[in-house]
Amino acid sequence: MPMRSDLLTRFVFVALVCAAFSSAAAAQSPSKILSNAEKAFGGAKALRAVQSVRRTGTIVRENDGLTGTFTDEASRPGLYRIAYSLEGFEYESAYNGRSAWSRDSRDGLRTLTGDEGSDFQSEALFRSRMWLERKAERARITAGGRVNINERPANVVIYTTATSAPVRLFFDAETNLLVREERRSGDELKTIDYADYRASGAAKFPHKITVADGNETLTITLDTVHVNPQIARTAFDFPPASGEPLPDITALLREVQENEDRVETILDTYSFTQTIIKRELQKNGILRETGSETFDLAFHKGNRIRRMVARNGRPLTEREQAAEDRDVEKQIENIERDIARKEAREAQGRPSSDDGSRVSIAEVMRASRLVNPRRERFRGRDVIVFDFEPNPDFDYKNAESVLKFFGKTAGVMWIDEQDKQVARLEAYLADSFNVGGGLLAKLRKGASFTLDQQRVNDEIWLPSRADIDLSVRVLLVRGLNFNQVIRSSNYKKFTTDVQDSQVGDSPPPYK
């Protein structure tokens, strides 16, 4: 019998209301999902009370059934180490707050770089503090919908810090416990499933963990979860390596400083292209490019000249390019004027107002404590690698601004032992840094920058990529976030010897 129209209307209305309430119940906000998860883990207070944790148990590689032992340790503010053995095959990785490293029976011991290093660092920070410090990390959390995990509904939160790839967190819709992570691991997607939660003290921890990384699946069964054990920081440091003795790092840095004049002279003979890409972290956790500028760069008598040639991937218009060319002419005129003034003052026996001195890498490192020196291979070259961190004995109060800045950084540096040049640098701001006493600007703790260089013409290391991410408060009011990638390429060497050239002898910087 056909349904009456009024009954049909009421039926549709009730169905829509029910669907709306059902959708609202399912679509929780990401902050609410994390809040519920904290309660399920024992409460935010209990989680924050966990300053360190050590877990031990057994591990099985499902691909071939090999078994062994497993250990991992995490300690705040961001230290992490994982180690396991599988019937003769040994693996260990750690992040010590400055650099990430790994060693195994196949590839030996090495410092992790690039995506591999940043991905492990991101995982290490999460292992030691989960999402509890998301405001300090400038992380974004977005809803990822609802899916089924092992035939049970789960709410998804996409968690992204300013310097790492998005991590998908899956929380059981009924228990609110974390049941899965999906994160990038180098070129692979790593999936981590959690089960068998038990209380260890006031907080809960999973006792069964399944890790699928590439073509390998590992099942970990924990026997013990020890909360707040005493873990020495050295447990996360780069392991000492036997073999050829290491050079004195201070002496090596002094040689790098002495070599800088030769390096600057060589650099004067090169032109190159540089593209600055601006990026912004979106609400969905994806880092999106928002614009770019491309420049041609050259050096004129030791001074850099920059000329824009494209914006957002498109060449400049004739009018814009003509304006840039006029600006280059002004840059050269200013350089020649400054050189003439300097020579005139020197001829009169008066000191130059600008003696051309620069802060060398050796001087910068005076503000740091150098630790964990080791030998490695980088881009086919023998390099000396060491970690650095703020030096508590450094005279910070009376130092120059640039030294004050580096005196608050930590990271890792690679130096080509033969060329006496920096091949790579990774650093982050370990403490906030005030500009103008904090009245002008304040760089917030956690700002990071990476400089990667390539060896050109078997004579010089030149920048290939720089990553910069920082948050700054300007004039005590406005907070700004900067995320940029700077790519340098197309290096070309002049045929003219710039060191002995006169004005007009060297080729124009841009042709």
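A polar contact is a pair of N or O atoms within 3.5 Å; within protein, one must be able to donate a hydrogen and the other to accept it. With that in hand, welcome to a quick tour of this predicted model, in which the side chains of Ser-99 and Arg-374 are joined by a polar contact of 3.4 Å. Below, we start with Ser-99 and then step back to the whole protein.

- You will find Ser-99 in the loop that runs between strand S4 (89-95) and strand S5 (100-104).
- Ser-99 has a relative accessible area of 1%, so it counts as buried, the cut-off being under 20%.
- Beyond four places in sequence, the contacts of Ser-99 are Ala-94, Thr-111, Arg-374, Asp-387 and Val-412.

**The protein as a whole**
- Nine helices and 26 strands make up the secondary-structure count of the protein.
- The protein has 511 residues, and 44% of them count as buried.
- Among contacts with a separation of 6 or more, 51% come from residues 24 or more positions apart.

**Confidence**
- Mean pLDDT for the protein is 84, and 85% of the residues reach 70 or more.
- Residues 1-26 have pLDDT below 50, and this stretch has four contacts in the model beyond near neighbours in sequence.
- Residues 496-511 also stay under 50 in pLDDT, and the model has 22 contacts for them beyond four places in sequence.

Key: Residues numbered from 1 in each chain as written. Predicted model: local features only at pLDDT ≥ 70, side-chain atom pairs only at ≥ 80, totals over all residues. Heavy atoms only, no water. Helix = DSSP H or I, 4+ residues; strand = E, 2+ residues; numbered from the N terminus. Buried < 20%, exposed > 50% of the residue type's maximum accessible area, 1.4 Å probe, protein only. Contact = heavy atoms within 4.5 Å. pLDDT = per-residue confidence, 0-100.
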